[in-house]
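This report describes the strand pairing in one protein model and then turns to the chain as a whole.

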Amino acid sequence: MRLKALCFGFVLFLFTNNVLAQRQESENACAKTLNSARSSYEQGRIEEVPGLLEDCLKNGFNDVEMVEAYKLLILSYLYYDERAAAENAMLNFLKFEPEYEINPVVDPPEFINLYNSFRTNPIFLIGAKAGGNATFVDVEKNYSLSNTASSTGTYRSKVGYQVGLTLDVPLSKKFSIATELNLIANTYEYTKKQLQFSSLLYTEEQMWGELPLFVRYNFGSSKLKYYVQVGGAVSYLLSAEANVERTDSVNIEVGNRSVSGPSIDLTPQRESLNYSIVGGFGLKMKDVLGNGYLLFDVRYSHGLPNVVNTDARYNNNELQYQYLYVDNDYSIKNAFVSLGYYIPIYKPKVIKKRKKKRKG
């Protein structure tokens, strides 16, 4: 058994070594071919270049050699004014290297002009993001089982989270439209002294599915892009629940009647839809992780409607009779910080020029 394993390992070693040797030989041959094509171009035998490069363009050049080979091929076609062949070669080049950046010092003007006649921006960027948020409660009207004027409580933000998918569609070099599909968990805390003998600690978590739409203004370099954005969002409530604790003060007449229990489903007491105005800023960093963009995003969401279902305000007997609690009318605001990753999707093509209408 051991002898068979040794034989198998030896055969595998010979096979692997043979494959690597053949690959090395092919790479060396294509490197020589590229040198020959370069010499032919520089010495004016430009008609030889396409034939020399053909086989190695299919399989043989490494990435650096492939870029030079395509540039030689394109320039050869342009020299003989073979526009269709040059465009086809440029299209194949951009499919291989969609993020090629023109260097005006090195690249000839005719190559630059042909490159600029193609769509070289990504048609869209798709990615995912996740982060944390803080929820701020904006009370519109107080309600209480006692005197509402003297029975206001205190709302405090707690850390929530969000995860989602994101899509950015460039409209031009500067502007793009972005949308997302997010799952957002909002959490806040409410404390209150009530009825002169009781203290309330109320923590609510709301889970929302959010669909925002933004207009973005992009600026910066190709490696580090900044953006500012503004838009709106519609959110659908998936669930809402609260953990509540009522602590009574010690009193001879009333006694100790503190109450706590399992979480309470509040979904029926909340509106299903919420609408927000959203604004923010961010940055996209290229080539930090792979060929995509590392995303850092900060935004603020200003909820507009009251999230409390006013028709169901007094429908939860457990909240009223055990915890002496009733909902205020309020809207929610959120601050979000997220990290994500964008993958650009390219589809290069020739940009068709619009024909000018003749006057008269």
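Predicted model: local features only at pLDDT ≥ 70, side-chain atom pairs only at ≥ 80, totals over all residues.

## Pairing of E5 with E6

Strand E5 and strand E6, the latter spanning residues 224-248, run antiparallel to one another and share 23 bridges, where strands are DSSP runs of E with at least two residues, numbered from the N terminus, and pairing requires that DSSP find at least two bridges between them.

Residues are numbered from 1 along each chain as its sequence is written, and side-chain values use heavy atoms, with hydrogens and water left out.

## Pairing of E4 with E5

E5 (residues 198-220) also pairs in the antiparallel sense with E4 (residues 175-194), here over 18 bridges, and Glu189 finds its bridge partner in Thr203 of E5. The hairpin of these two strands has 3 residues between them, and in it Leu195 adopts a positive phi near 55°.

## The protein as a whole

The secondary structure amounts to 6 helices and 12 strands, helices being DSSP runs of H or I with at least four residues. Of the 360 residues, 38% count as buried, that is, under 20% relative accessible area with a 1.4 Å probe and protein chains only.

Among contacts (heavy atoms within 4.5 Å) between residues at least 6 apart in sequence, 73% join residues at least 24 apart. The accessible surface, about 21,000 Å², belongs for 58% to carbon and sulfur atoms, as computed by the Shrake-Rupley method with a 1.4 Å probe.

How values were computed. Buried < 20%, exposed > 50% of the residue type's maximum accessible area, 1.4 Å probe, protein only.
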